[in-house]
Amino acid sequence: MYRVSRIILLLYFRHLIFIQFFKLLLARKPTLFKHFCHFFTSNRVVKFWTLNLLFLFSTSISISAQELDISKGKSLFNANCASCHKLNKKLIGPALKGVSSKYEKDWLYTWIKNSASLIKSGDEQAVAIYKEYNKVAMNTFPQLSNEDIDNILAYSDYVPPAASNTGSSISSSNQSDQSSFTNDLVLVLLTIILIVLVTMLFLVTKTLKRVVSNNGVDTDFKKLSGTPLWEKFIKNQFLVIVSVIFLLLSSAYFAYGYLMQLGVDQGYMPIQPIHYSHKIHAGENKIECQYCHSSARISKHSGIPSLNVCMNCHENIAEYDGEEDLEKGYTKDFYTNEIRKLYKAVGWDETTRSYTGDTEPVKWVRIHNLPDFVYFNHSQHVTVAGVDCQKCHGPVEEMEIMYQYSPLTMGWCINCHRESNIKVKDNEYYTKIHEELSKKYGVEELTVAQMGGLECGKCHY
Amino acid sequence: MGNHKKYWKSEIELSSDNEMVHKLRDNEFVNELPIDNFLENKETLKDTNTNRRDFLKYLGFSTAAATLASCEGPVNKSIPYVVQPEQIRPGISNFYATSISDGFDFANVLVKTREGRPIKIEKNSKSEDQGPNARIQASVLSMYDSSRIQGPTMDGQDISWELFNLNISAQLQAMQASDKRIVLLTQTFSSPTTESIIKEFVNKYSNVEHVVYDSISESKSLDAFEILYGKRALPTYDFSKSDMIVSFDADFLVDWQGGGFSKGYSKSRVPKNGKMSKHYQFEANMSLTGANADVRIPLKPSIQKLALLKIYEYISGENVNVKLEDELDGKIKKLASDLKKSSGKGVFITGISDVNAQLIALKINHLINSKVININKLSLIRNGNDTKVDKVVKDVINKSVDGLIMCGVNPSYSLPNSNVFNEALKSLELSVSFSMNNTETAMLSKWVAATPHYLESWGDLEIKSGNYSLIQPTIKPLFDTKQFQEVLLNWIDSNDLYYDYLKLYWNNRILKGLSWNQALHDGVYNLKSVNPLQYINVSLGNRINELKNSVNEGFELSLYSKVSMGDGKQANNPWLQEMPDPLTRVSWDNYLTVSKSDAERLGLKNTYESNGALNSNYAKVLVNDQFIKVPVVIQPGQAKGSFGLSFGYGRTSGVKNELQTGVNGFQVYNQFDSTQSVEIEVINEVHEFACVQLHNTLMGRGDIIKETTLEIFNTKDVGEWNHVPRVSLNHIATPVTSPDVDIWEKFDSSIGHHFNLSIDLNACTGCGACVISCHAENNVPVVGKSEVRRSRDMHWLRIDRYYSSEETFFEDNQTKDDISGLGEALSVFGKMENPSENPQVVFQPVMCQHCNQAPCETVCPVAATSHGKQGQNHMAYNRCVGTRYCANNCPYKVRRFNWFLYNNNNEFDFNMNDDLGKMVLNPDVVVRSRGVMEKCSMCIQKTQKTILNAKLERRVIEDGEFQTACSLACDSGAIVFGDVNDKESEVLKLKKDDRMYHLLESVGTEPNVMYQVKVRNT
């Protein structure tokens, strides 16, 4: 029993050591983390891609039979039409699904190439559409050939086979089931081995005892020692004192450890009123951090974007149409519903595509809470020093739910100030002071600390 | 298996409705904790019956709750705008140019706003006029006053603006129809559009008469100017052009004729090419202006009038038949001949509220051909008319007025015979008061129109003729308020908004095609049109006799306005209440100033308590048939036979209880004459003062304030008048600046910025604008009267005032040097503690000196205070554990300790304990907690911001960009801040100046704050 537990302990420690080692490595080489993460994710991603490719392949065969290039149509549609049209939904212009069956092809050619002249010529159909859409004329597209327009129309008419779509989602859920299944299996196996080991140990001792008694050896240990072990222990003052000291020290150590983490909210991941996914915005759609957090360039606050910034894009993006994570329940409907929440807050009426003026501000839960007595300025770090947002905020582009990545302790700040060099290039402010100071310290590049970045008053006033 | 047996304790238990049974059962299992009662309020707590058990439970509960609460961080919410306004960026300050015109203070200012909240008032550098004084600096806090009126009321009941306007319009029309007399009593607006609207209003309602009322009147000066120049206005003075200033009781560095002269005055006071102006002051009270004078002659008001006549005699040659004491006569003769010879660079002014005295002053300036006075550029900020106001008051009392509409005035408080007036006001058919607070007048008016603060208003201003400025809102109105102009427009059935009216008026009449946006951006627009005024020769014969006959033999009271409180409009402003008077250094009070000899004669006493607090008995001041009871301060330099009392205190309504301080001086402001003949009696009751400085003299310590005369300054070597102190090194006197005497390792501050602050004792007038500016910038808490009394005031920047023990400080130094032996030392030093009857005065602003070798840094056990490479002495509040060792080791006594949590503590119910008052806090500076030290940081948040701006714009910093709150506020240019490692900087020039010295240099602290030797032109 003892040995088994020792093995388990050992295994656990090794695991701990591995983690510590990995953390250390991370601290030295932050890029490693990226590789590491990539490794895990890519495994899944690779599987997905193969599936997707297969799916694409199969569909493209079926389309080629129609002698029209739907994929080309799709890219043309996205480049030219998508800003005003959607397939299934009225946007600035009408929904385009089935438009080829509604109007004659030749009429469509002239309309798309130059709708304004068609309206001017007094074409009844054209004027009717013009009036219906609030007298906003459609852009002209003289660069599109008839063939291009055919392709676009073919794309707009195309109905993707429903079965393959569900197939992919099933396979993905299967896959996740599989992984949890293997985990369980390993656990069960381990438990069985453990039980077997315990029984073996028990049997071995039993056998040994039997052998001993058979050989006539006196097994009464109590008689041998006279006093029980704990009494001996109490009588040995040295041992008692040493162990008391040990106990005190270790409890002090743990108490210190506990106290030091008070108020450190690393990993703080509160539930927000709107499930906003940085992964989708910054990761998949590659939106620059400072597009939304524009104050970070010039102000001490990075600024939570006001809702009108969201509406720059979301006026036209009313539905989520990206990847799903069914395991966690992040379906398309789920995300679309979150966009609804934004619309409600900002007072946007989807049907009339107008603002009602009925707004209610979103009460986000603040994640990064610096204490009041510390002054931190984003622009100093972002614009002057050129520090990546990720350096402090972590891989935000991979965070489905935003959390506090760094401990935000003073030690953490100071450490970075000791290690980072000042970015002096093209900054006239630094020219003189850098020249003088680097001469004084005999270094090529100055760290923030050497420039006075460790002084109390630089952050506490 | 459960046990169903029941054991009976007694037979009573068998009867279930027995009282005893219930009681026992209740006691066995005590009820739930009555937490609701406990936490609800004090009243219910008193009623609940708490026994020992409960107490222990509460104890346990609160300990557990506190532990839980401390482990769990609070959840903070962050709420962004739905649509962010274009100009607002969280974390970035915006500045807007606007102007203040509250009827007493007029200035062009720049307002700093953060996230849409105005948080600080600064000067508008585009304006030619004076920058903001202490009261204007503090005015931003008056906006965040929770006792403001939040909407219009009728008979104390809330009412909507629609109903308010409808009712009053109807009543106005009815009263016009029945030809009932209505008076529109307003402050001086000096606003072209407001005057135009009032004109339209008076045109529509012919029964309305407009009367302008200044609570502290300049009517006599206006009348005199009208007699001589044909226009009812005030001339302007440019003291920077002056060589010689003769002032008779004119406190022109404070509020004389609206104030705003210290900028020019200070320019003439700094010796340049061996020259500076010479300032004579004849006065009864020791005023701020008198304290800055080179020659100060204390005279009681009636003698002043005679002396004034005598000067006129010597200058004009017209015999006035006045006999003065020989000594005084000699001085006046000399002075008059100097004035005559001053070739236009002399000026003669007076603050005596007498038309004849004012006339003579103007005539003297005309005779000596003074260039300092400008009769073509007129000051328009005082326009009240005593005779008209007096008539209105009498008519109201006689009931020959039926309606009174008041704006910007508080007659119930500021009229001398207010009781009679108040009774009459209550019974008026129509009484409307436009007011921000529930002032005395508003309480008695039937209708109260809630008006916005000037930071929430539109408007315009013409401070001096041709100097136009705009008032623009910097925040949306906090409450349901409407401007006077807006309401008036409504009453004349105009559909215009005041903003449209203002814009149209400016575009048509003032800008004439120039950009409105540019004017709004600059805040000021100067029109150079001069209509020269002609001097009208008036014979003075009769007037001279009138003046002679008004002489009074008995005690005289001189009423004055304090630099902190003015006319009392901002009595609800805790910053101003806590600001010490520059001369008496008393805060939270006004008092009767008495000369020492009169005090001894009458039995008026000042006593010091063992903890360093000041007490006094009371004086019963009898004026005509009424009296007021006033505490007493013995004031060195007070003219014998005269007493002083300030306006602005004794407000009783619309002001928080803690801030209802002092005695109302307006009660004895009969005939709007600042001089009243009085009788004094002693009342032996103890009054407790909050005075921040009890040690009044320097005791001959000439190295704290170094001063010299212009003659010595011009002729002698620097070493004679600004010698470096020497210390003993191996029994050899060695200059303290020598590196040999230093036991510390030096900080190398040759690279990067090294900040220094220079304070010119010649330019500093002691006005205290810097003190309030520092308050606003650094979130300095207000601690209240009783804490100030315990010397726990929190001002980061104080202005020390010293009196000389002899006639001059120079003599003090000599007396001290001449002391030989212990016996003499004891007796002489004892005498030197008392200031002279007419002492020299000096002001010295003292803040943290930011020593390069700071005594505080070496003794801090937790290294909470440390030295920065840029010369600032840092203070990390969160590191401080409050041993107060640093404060004990500081030779300058500039460190302040937070004895309490001044924010969020009901015992200190000032702006920081108030949700609205907290809006004024500067978000870049932390609010300090209880138990930590704090002190001047040399506005490190400002220097850091300047550096960051330069880094962001990738450029070098130019001189003048670095500023502190005090250097920005100092309009006299006494405080200069900058980087001494910048070879071009102004502050480096000042550091190399001969006049430069450090405070207590002999201690060897090597401060980064320096002073410039005071030079007196005696």
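**Exercises: cores and a chain contact**

**Exercise 1.** Find which residues B:Val632 touches, leaving out those up to four places away in sequence.

*Solution.* Start with the cut-off: two residues are in contact if their C-beta atoms, placed from the backbone, lie within 7 Å. That gives B:Val632 these partners: B:Tyr591, B:Leu592, B:Val594, B:Leu604, B:Asn606, B:Ser616, B:Asn617, B:Tyr618 and B:Ala619.

A word on the model: it's predicted, so local features need pLDDT of at least 70 and side-chain atom pairs pLDDT 80 or more, while totals for chains, interfaces and linings use all residues. Residues count from 1 along each chain as its sequence is written, and chains are lettered from A in the order in which they are written.

**Exercise 2.** Work out which members of the largest nonpolar core touch the most other members.

*Solution.* Such a core joins buried Ala, Val, Leu, Ile, Met, Phe, Trp, Tyr and Cys through C-beta atoms within 7 Å; buried means 20 or more other C-beta atoms within 10 Å of a residue's own. Among the 260 residues here, the answer is B:Leu592, B:Val630, B:Val632, B:Cys770 and B:Ile975. Next, look at helix α13 of chain B (residues 355-367; a DSSP run of H or I, at least four residues): with seven residues, α13 gives this core its largest share.

**Exercise 3.** Describe the side of chain B that touches chain A.

*Solution.* First, count: chain B puts in 39 residues and chain A 45. Then pick out the elements giving two or more residues on the chain B side: β1 (77-78) and α32 (940-953). Of these, α32(B) supplies the largest share, six residues.

Conventions: A residue is buried if 20 or more other C-beta atoms lie within 10 Å of its own, exposed if 12 or fewer, and partly exposed in between; C-beta atoms are placed from the backbone.
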